[in-house]
Amino acid sequence: QVHLVESGGGVVQAGGSLRLSCAASGPTLGPYAVAMAWFRQAPGTEREYVSAISWSSRSTDYADSVAGRFFVSRDNAKKILILQMNRLEPEDTAIYYCAARVSTADWIGTMPRDYDYWGQGTQVTVSS
């Protein structure tokens, strides 16, 4: 089991920045590699992929809509996943979810079905 808790959401004006964190805990984190990702979901839409990072951090990936503005990182010692979001746009408004899956060291996934564990989400609102 992996327990995930997101934080760092809030209200920001267009062009601003936010830094999301996801704290991970659970016995699975000890002996196994865990890939992690960020997804988001706006009202009335399906959950959308944002970014992913492998256990080793050697593999990272971004959705086209956020590439060059968002940056994902992780600290395995502290069991924290970070999403630095810059140049935010109103279209980025959504609930942001952290996801995790036991994996190989360099694996990443970009679909919600790739991940077994999910946080409760944190709201990000970008005003124009």
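Visitor: What radius of gyration does the protein chain have, and what would a compact globule have?
Guide: In this predicted model, the radius of gyration is taken over C-alpha atoms, and the globule rule is 2.2 Å times the number of residues to the power 0.38. Because the protein chain has 128 residues, a compact globule would have a radius near 14 Å, and the chain agrees with this at 14 Å.

Visitor: On what numbering and cut-offs do the values rest?
Guide: Residues are numbered from 1 along each chain as its sequence is written, and side-chain values use heavy atoms, with hydrogens and water left out. Since the model is predicted, local features need pLDDT of at least 70, totals for chains, interfaces and linings use all residues, and side-chain atom pairs count only at pLDDT 80 or more.

Visitor: How many helices and strands does the protein chain have?
Guide: Helices (H or I, at least four residues) and strands (E, at least two) are DSSP runs, numbered from the N terminus. Read along the sequence, the pattern is β-β-β-β-β-β-β-β-β-β-β, and the secondary structure comes to zero helices and eleven strands.

Visitor: Among contacts between residues at least 6 apart in sequence, what percentage join residues at least 24 apart?
Guide: A contact here means heavy atoms within 4.5 Å. Among contacts in the protein chain between residues at least 6 apart in sequence, the share joining residues at least 24 apart is 60%.

Visitor: Is R40 buried or exposed?
Guide: Buried means under 20% relative accessible area, exposed over 50%, and partly exposed in between, with a 1.4 Å probe and protein chains only. The relative accessibility of R40 is 5%, and R40 therefore counts as buried.

Visitor: Which residue forms a salt bridge with R40 at 2.9 Å between the closest N and O atoms?
Guide: A salt bridge is a side-chain nitrogen of Lys or Arg within 4 Å of a carboxyl oxygen of Asp or Glu. The bridge with 2.9 Å between the closest N and O atoms joins R40 to D92. This pair links distant parts of the chain, 52 residues apart, with R40 in strand β4 (residues 33–41) and, in the loop between β8 (80–85) and β9 (94–103), D92.

Visitor: Which residues are linked with R40 in a network of salt bridges?
Guide: The side chains of D92 and R69 also meet in a salt bridge, at 2.8 Å from N to O, and both D92 and R69 are buried. The network links R40 with E48, R69, E89 and D92.
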